[in-house]
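Subject: Structure handover

Hi,

My notes on what turned up follow below it.

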Amino acid sequence: MAMERFSSLLPIVLVFLCLLRTDAGDQPLSKIAIHRATVGIDGSAHVRASPMVLGLKGEDIEWVIVEVRSSNPTADDWVGVFSPAKFNSSTCPADIDDPGAQSPYICSAPIKFQIANYSSPDYTKTGKSSLKLQLINQRADFSFALFSGGFMNPKLVAVSNVISFANPKAPLYPRLAQGKSWDEMTITWTSGYSILEAIPFVEWGLKGWPQTRSPAGTLTFTRNSMCGPPARTVGWRDPGFIHTSFLKDLWPNSEYTYKLGHRLFNGSYVWSKLYSFKASPYPGQDSLQRVIIFGDMGKAERDGSNEYSDYQPGSLNTTDQLVKDLENIDIVFHIGDITYANGYISQWDQFTSQVEPIASAVPYMIGSGNHERDWPGTGSFYNTTDSQGECGVLAETMFYVPAENRAKFWYSTDYGMFRFCIADTEHDWREGSEQYKFIERCFASVDRQKQPWLIFAAHRVLGYSSSFYYAAEGSFAEPMGRESLQKLWQRYKVDIAIYGHVHNYERTCPIYQNQCVSKEKSHYSGTVNGTIHIVAGGGGSHLSNFTDVKTDWSIYRDMDFGFVKLTAFNHSSLLFEYKKSSDGNVHDSFTISRDYRDVLACIHDGCEPTTSAT
Ligand SMILES: [Fe+2]
């Protein structure tokens with residue numbers, strides 16, 4: 001009887017669990033059925049945007065005023081920002097498959113949108129609205145279009161004049177990343193200059209010293225590189241050209257300045273602003289070293305556009321806190337679910353613009369998440385559509401990581417006394433897999449006397465999480481995660497394992513064989529006999545609930561936006577802090593104090609087998 005009742009409830013339970021597994025938010029741009037748009041130009045309506053030319057003093061972010069007039073205003077009128085400005089001139093790709101669509105199609109989603117009455121509540125009475133929107137330089141001109149009919153049945157009523165940045169092709173949004181060796185910094189940026197128009201390079205050198213030039217490589221990709229819609233259809237936008245330069249043989253800890261440059265074939269130069277960074281410490285160097293780690297930040301618009309669904313409500317707070325404290329940050333890890341562009345390619349530019357103050361100054365190391373990579377039938381470990389057709393191409397091109405093969409997003413990187421082993425949960429990580437071998441090699445190859453602080457990070461939770469959906473699965477993590485990797489964390493005495501994916505903060509006790517090995521909560525000292533697991537997925541995307549189920553291992557939970565900071569003072573002393581994005585204050589912390597002999601201590605299976613020498 002009980003079984004019968006259970007099987008009749010099973011479909012409901014499964015639907016419920018599925019709902020729990022899906023992200024609650026949708027990319028706001030996906031709410032617009034742009035390919036169903038019809039045209040009904042109303043001569044009495046108009047849209048006017050000013051100023052006509054942006055960035056006259058080299059700015060790459062500008063505010064514009066958009067004046068709307070309509071003789072038939074309604075509450076669901078909206079204004080779409082299109083770039084390139086001639087948005088209805090494109091030929092629709094064959095795979096926009098919507099038999100209900102009427103010609104002429106509009107085949108490109110806007111890059112942002114706003115409700116017409118957003119800042120003019122009387123719009124429906126007066127037919128007059130004025131919007132203040134922020135634009136970033138994105139390699140093409142802009143126009144603003146008034147639509148009636150809401151998002152589902154948009155009807156184009158009026159189109160504005162065209163406005164443009166003074167140099168739409170300008171080199172922009174540099175992001176630093178550690179190279180394959182500690183003394184190499186890579187700089188990746190975006191421009192509108194192909195290799196047929198200009199030669200890209202970085203002019204750089206020790207601050208205050210003569211500068212040198214290093215060449216840059218150029219990558220781009222086409223719509224055909226996308227695996228499915230919307231990235232391949234309405235979400236497609238030309239990504240421009242993505243350049244990477246490798247600055248080598250850096251002097252540890254030294255201040256460098258740099259400028260992005262393009263030498264046009266007529267002999268003239270186009271330059272970016274002047275930036276600076278501090279070179280990484282020599283591996284094992286004893287000095288103050290500060291690391292920020294979080295996942296799932298996404299982007300948001302400072303003008304309030306797109307965000308009626310609060311898609312990533314904490315994103316700007318996190319960004320702003322990091323910018324505010326930048327002089328106390330040496331390196332950042334954003335461990336997956338980077339932009340949540342979800343196949344709307346324009347959003348990658350918006351994201352790189354948002355993080356530019358951080359990424360241009362300290363290495364901004366990314367990990368791959370489901371929203372970057374997953375797409376059915378493309379080798380992603382999880383067969384979901386979460387990348388919305390991007391299938392990893394954007395993440396792998398827009399940001400550099402020191403991976404052997406950027407399509408397989410796992411890598412190790414050293415920062416002074418830290419060794420980071422960054423896994424890619426969207427590719428197989430189980431025992432026997434190529435990635436498992438990499439993880440073991442990363443752990444095994446570190447000299448703990450030089451680099452005592454061994455950190456494992458991955459997007460999905462492979463260790464422990466009390467999130468509602470992992471608890472509902474009964475595994476409190478990705479199924480098979482602990483079974484596969486626990487023996488490596490234990491054998492190689494990983495100090496801290498950090499995950500994203502779950503949008504909250506949680507800390508466990510030090511764990512060995514699924515058991516807490518210490519009752520201590522704030523100061524760990526002596527031998528290393530367990531790994532502390534952290535969820536730091538509250539970077540910005542809508543928050544995840546915790547289960548009510550109590551577990552022994554969970555010792556701090558916070559359903560809020562935040563990020564974690566690791567500070568190594570020296571080889572014996574590490575401070576861990578969890579900071580909220582809203583106030584930048586520390587809301588959870590602990591310290592680890594120990595010496596090299598404590599790492600070497602033969603506990604559990606963490607020692608090489610020994611033979612007695614005589
Ligand atoms: Fe995720």
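Let me start with helix α10: what covers its buried residues includes α8 (434–444), β23, β24 (496–499) and β28 (531–536). Contact here requires C-beta atoms, placed from the backbone, to lie within 7 Å. Helices are DSSP runs of H or I with at least four residues, strands are runs of E with at least two, and both are numbered from the N terminus.

Two ground rules before going on. This is a predicted model, in which local features need pLDDT of at least 70 and side-chain atom pairs count only at pLDDT 80 or more, while totals for chains, interfaces and linings use all residues. Residue numbers start from 1 along each chain as its sequence is written.

Back to α10, which spans residues 481–491: its buried residues are G481, R482, L485 and W489. They sit on the same side of α10, because they cover an arc of only 100° around the axis; that arc is taken over the directions from the helix axis to the C-beta atoms. "Buried" means 20 or more other C-beta atoms within 10 Å of the residue's own, "exposed" means 12 or fewer, and "partly exposed" is in between, with C-beta atoms placed from the backbone. After the helix comes K493, with a positive phi near 55°.

Beyond its neighbours within four places in sequence, I293 touches F333, I335, A457, I498, A536, F563 and V564.

Now the sheets, where two strands pair if DSSP finds at least two bridges between them. Strand β19 (residues 331–335) runs parallel to β20, with 4 bridges joining them. F333 has M365 in β20 as its bridge partner.

The other sheet I noted is open and antiparallel, with 7 strands ordered β11-β12-β15-β14-β13-β16-β17. Here β11 (172–178) and β17 (269–278) are the edge strands, pairing on one side only. Between β11 and β12 (residues 185–191) there are 5 bridges, and A177 has T186 in β12 as its bridge partner.

Finally, some backbone spots for your checks:

- S50 and P51 are joined by a cis peptide bond, with omega about 0°; P51 is in the loop between β2 (46–50) and β3 (53–54).
- P229 to P230 is also a cis peptide bond, with omega near 0°, and P230 lies in the loop between β14 (212–219) and β15 (241–247).
- N342 is not a glycine, yet has a positive phi of about 50°; N342 is buried, with 26 other C-beta atoms within 10 Å.
- Q388, likewise not a glycine, has a positive phi of about 50° and is buried, with 25 other C-beta atoms within 10 Å.

Definitions and conventions
Two residues are in contact if their C-beta atoms, placed from the backbone, lie within 7 Å.
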